[in-house]
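Please open the model in your viewer and keep the sequence beside it. The stops below say what to select next and what can be found there.

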Amino acid sequence: MSGIPDRKEAQVRQLLQGPYPPVPTGLAAGAAARGGRLLRRRRAVRRLGWAVLFAAAVAFVVWASLTHPWTTPPTDVSPPLQGW
């Protein structure tokens, strides 16, 4: 069991000391383009979310101003008054 970390450490040291692998030529430009697309997509989703939230708030205000849900409904349950 004690030999396993030494072997792994030796492999890591060998990888770090050895020649570095070649990097593809368009890697940085491709990563920058992908990052730009991700940022634009996130920005669009965020704007869409705010627009939906704003539309829901406006719809609620319009509904509440038309129906007045805070008022008590008329009581039609009371018995008729007879014999007075």
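Begin with His-68, which is found in the segment after α2; helices here are DSSP runs of H or I with at least four residues, strands are runs of E with at least two, and both are numbered from the N terminus. His-68 has a positive phi of about 50° although it is not a glycine. At 38% relative accessibility, His-68 counts as partly exposed, a class that lies between buried (under 20% relative accessible area) and exposed (over 50%), with a 1.4 Å probe and protein chains only.

Before going on, please note that this is a predicted model, in which local features need pLDDT of at least 70 and side-chain atom pairs count only at pLDDT 80 or more, while totals for chains, interfaces and linings use all residues. Residues are numbered from 1 along each chain as its sequence is written, and side-chain values use heavy atoms, with hydrogens and water left out.

**The whole chain**

Zoom out to the whole chain, which holds two helices and zero strands. Its radius of gyration is 35 Å, well over the 12 Å that the globule rule gives for 84 residues, so the chain is more spread out than a compact globule; the radius is taken over C-alpha atoms, and the rule is 2.2 Å times the number of residues to the power 0.38. Along its principal axes, the C-alpha trace spans about 105 × 45 × 10 Å, and buried residues make up 2% of the 84 residues.

**Helix α1**

Next, select Glu-9 and Arg-13, which both lie in helix α1 (residues 3-17), four residues apart, about one turn of the helix. Glu-9 forms a salt bridge with Arg-13, the closest N and O atoms being 3.0 Å apart, where a salt bridge means a side-chain nitrogen of Lys or Arg within 4 Å of a carboxyl oxygen of Asp or Glu. The structure holds one salt bridge. Glu-9 counts as partly exposed at 39% relative accessibility, and Arg-13 also counts as partly exposed, at 49%.

**Helix α2**

Now move to helix α2 and show its end C-alpha atoms, which are 59 Å apart; at 1.5 Å a residue, its 41 residues should span 60 Å, so the two values agree. The expected span is 1.5 Å times one less than the number of residues.

Which two residues form an aromatic pair that is tilted? By the rule that ring centres of Phe, Tyr and Trp (its six-membered ring) lie within 6.5 Å, with planes under 30 degrees apart counted as stacked, over 60 as edge-to-face and the rest as tilted, the count comes to one aromatic pair. Select Phe-60 and Trp-63 to see this tilted pair, at 5.8 Å centre to centre and 40° between the planes. Being three residues apart in helix α2, Phe-60 and Trp-63 are separated by about one helical turn.

Then select Phe-54, Val-58, Val-62 and Leu-66, which make a nonpolar surface patch of about 420 Å². Patches are made of residues with over 30% relative accessible area and no salt bridge, like charges being joined within 9 Å and nonpolar side chains (Val, Leu, Ile, Met, Phe, Trp, Tyr) within 5 Å; accessible areas come from the Shrake-Rupley method with a 1.4 Å probe, and for residues only the protein chains shown count as cover. Val-62 lies in helix α2 (residues 27-67) and counts as partly exposed at 44% relative accessibility.

Finish with Ala-29, which is found in helix α2 and is exposed, with a relative accessible area of 56%. The C-alpha atoms of Ala-29 and Thr-75, 46 residues apart along the chain, are separated by 72 Å.
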